[in-house]
Amino acid sequence: MVTASPAPVQELVSNGKTFLRVEDKLSWLDALRYCREHHTDLADLQSMNSMSSMKTLYTLTSSTQAWIGLFYNVRIGGLSWSSGSTFSTPIWSSLPVFKEGICATLYSVSIVPNLGAASCTAQKPFICYYDPEELRYNLEEPILSLTITPKPAVVQIGRLTFKRFNQRMTWLSALLYCRTYHTDLADLQMVTDEAGMEALKSITSETEAWIGLYFNAASGSLSWSSDLGASIPTWLQVPKFGAGLCAGFRTYVRYTPRVYSVVCSSLQPFICFYDPSRGHRQSAALPQLVHAPSSEVTERVKPKPAVPSEESGTDRRDTTAAVQAQHVSASNHPEPQGKTPAPESEQFFGILKADFTIPALMDPEDMKDQFLSEIHEVLKQTLGDEQFRLKWVGFEVNKK
């Protein structure tokens, strides 16, 4: 809670929203807390993507930069609005360079407002907005930096440095972060003695944290994302894994840390490791987490891959994947001996649609296997023992 109660000195109503500029200077995060406590959020300008609508905001701007709700989101490696809106590049301003720890400001040098960029810890005025129709509860605070705060737990084992980050990411996002700033997600193959195990225990908790172990759909076995092999230390208890499952590492009370299989798309803390002999691995190939299409999954419509433009580089898109579900033929699943096989069936259940939100820089065509895998799991839970197979129909992309 922000204890200060700065009074807004300027106010503007536009499109049913009230925008208020507060001259008291706060950091971006403190300004966000103030806006959420007293209004709705820091200013979200996504719906004001025209010159005429932006001119209405001119009365709230000056040559002094003021915080708005736009920030560099380290979870997606791009820009997001603190209100949750999807960002797309505005037509009324050029886009400054953004990176980790940088937040957006609004200012003007003539009659048109412009976007600026500054360290999120800088003290600046800010612009809030209030929307009476927007009800929001239990909002998470954005993660502005993974390298500044909070300080990660660190342990040194031989030449390897392990760091645990409590910010939550998917396994793949955590992998990309670790490869960019360290070497990779934690590889425990060289932690073979009790001293190393106890050292690792000091950075574990009762919450699973991603490590580099995952089910390799290409080989059908466990692999380490570091590409250093596939051996499992004898002390590390590992459960059964399958496609789409990655390793979470946790401990309980005084027990030895162990691995749990967790859906790779879950948001978890993560542990990176750094090996000075290998350095960073940004260009390393990404692991295959889901199975490639089998002969029973056939593509009916092949859409053109989406080509990201400068305006959509940090955007996110809603992708609707469509598949057809049908009974599996008797030839693929023989009846018990002594029974007459049922005739091959080509009866379709119908068209199934599923909505996914994905980063704009990712091609939905490349994620087809993941779409099918997730839809397949849902159908298994719904249909039980009913045998079925899927045929790929296609997808449509709706840019927010």
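User: How many cavities of 30 Å³ or more does the structure hold?

Analyst: This is a predicted model, and the structure holds two cavities of that size. The largest cavity contains about 50 Å³ of space.

User: Why is the contact of R21 with E23 called a salt bridge?

Analyst: The closest N and O atoms of R21 and E23 are 2.5 Å apart. A salt bridge requires a side-chain nitrogen of Lys or Arg within 4 Å of a carboxyl oxygen of Asp or Glu, so the pair qualifies. A search of the whole structure finds eight salt bridges.

User: What does the salt bridge of D184 with R281 tie together?

Analyst: The closest N and O atoms of D184 and R281 are 2.9 Å apart. D184 lies in strand β11 and R281 in the loop between β16 and β17, so the pair ties together parts that are 97 residues apart in sequence. Salt bridges that share partners join R179, D184, D227 and R281 into one network.

User: How do you know that C178 and C272 form a disulfide?

Analyst: The sulfur atoms of C178 and C272 are 2.0 Å apart. The cut-off is 2.5 Å, so the pair counts as a disulfide. C178 lies in helix α3 and C272 in strand β16, so the pair ties together parts that are 94 residues apart in sequence. Both C178 and C272 are buried.

User: Why is the disulfide of C178 and C272 called left-handed?

Analyst: The torsion about the S-S bond is about -70°, so the disulfide of C178 and C272 is left-handed. With 95° about the S-S bond, the link of C246 and C264 is right-handed.

User: Why are C246 and C264 called buried?

Analyst: C246 has 0% relative accessibility, and C264 has 7%. Buried means under 20%, so C246 and C264 are buried.

User: Which pattern do the disulfides of the chain follow?

Analyst: With bonded cysteines counted along the chain, the pattern is 1-4, 2-3, 5-8, 6-7. The count comes to four disulfides.

How values were computed: Residues numbered from 1 in each chain as written. Predicted model: local features only at pLDDT ≥ 70, side-chain atom pairs only at ≥ 80, totals over all residues. Heavy atoms only, no water. 1 Å grid on protein atoms, 1.4 Å probe; cavity = no way out; pocket = protein on both sides within 12 Å on 5 of 7 lines; lining within 4 Å. Points joined across faces, edges and corners; volume = space filled by probe spheres on them. Helix = DSSP H or I, 4+ residues; strand = E, 2+ residues; numbered from the N terminus. Buried < 20%, exposed > 50% of the residue type's maximum accessible area, 1.4 Å probe, protein only.
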